[in-house]
Amino acid sequence: MYRKINDELLVFLVHPGGPFFKNKDAGAWSIPKGEFSDDEDPLTAAKREFLEETGQSIDGNFIRLDSVKLKSGKIIHAFAVEGDIDHETILSNLFEIEWPPKSGKMQSFPEIDRAGWFDLETAKLKINAGQVSLIESLG
C-alpha cells in the first residue's frame, strides 16, 4: 500500500512479531505477505494476507509489481495499491511456537507486531533486503 502526502510518496510496511524479531529494525520490515496455494489467485491471496496481518481489508486499483526471489528461494508476488489506513490500529492474526526453545511451553505471538508509513529512502533501509526492488519500482 502506498499514499501521497504533500507530493511525498509513502509506503506501508509491517514488522514481524514474535521473539526472533523483537529487537530487530533495519532490514526486518516487510510488505504484508504470506503463502498461498497453487490454485489461489495471487491478488486474492494478497488481499487475504493483508487482512490477516493488519485486520483491515484492502481494495482499489492494484498494480502488479515484478516478482522478487528471496535468498530462501521463496518468490514474492506483489501488488501496489493506493490507500490510507491507520498503522496504529492494526490487529494481526497469531502464530504459536515453543518459547523459550526446548521448554515444552507453547506461546502465541502476533504475526505482525507493528506497522508504519515510511518515505522511500527510509523504507529501503527498513525492509528486508530481498524486497528493496519492490520499493524502488514505486519510485
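By class, the lining of the largest pocket has 31 nonpolar, 8 polar and 7 charged residues, where Ala, Val, Leu, Ile, Met, Phe, Trp, Tyr, Cys and Pro count as nonpolar, Asp, Glu, Lys and Arg as charged, and the others, Gly among them, as polar. The model is predicted, with pLDDT of at least 70 needed for local features and 80 or more for side-chain atom pairs, while totals for chains, interfaces and linings use all residues. Residues are numbered from 1 along each chain as its sequence is written, and side-chain values use heavy atoms, leaving out hydrogens and water.

**Pocket**
- The largest pocket holds about 1,100 Å³ of space; on a 1 Å grid over the protein atoms alone, a pocket is an open set of points where a 1.4 Å probe fits, with protein on both sides within 12 Å along at least five of seven lines, and lining residues have an atom within 4 Å of a point.
- Of the 46 residues that line this pocket, S30, I31, K33, G34 and I76 lie nearest its centre.

**Aromatic contacts**
- There are 5 aromatic pairs in the structure, a pair being rings of Phe, Tyr and Trp (its six-membered ring) with centres within 6.5 Å, counted as stacked with planes under 30 degrees apart, edge-to-face over 60 and tilted for the rest.
- The F20 and W99 rings are edge-to-face, because their planes stand at 80°, with the centres 5.4 Å apart.
- F12, F50 and W117 together form one aromatic cluster.

Key. Points joined across faces, edges and corners; volume = space filled by probe spheres on them.
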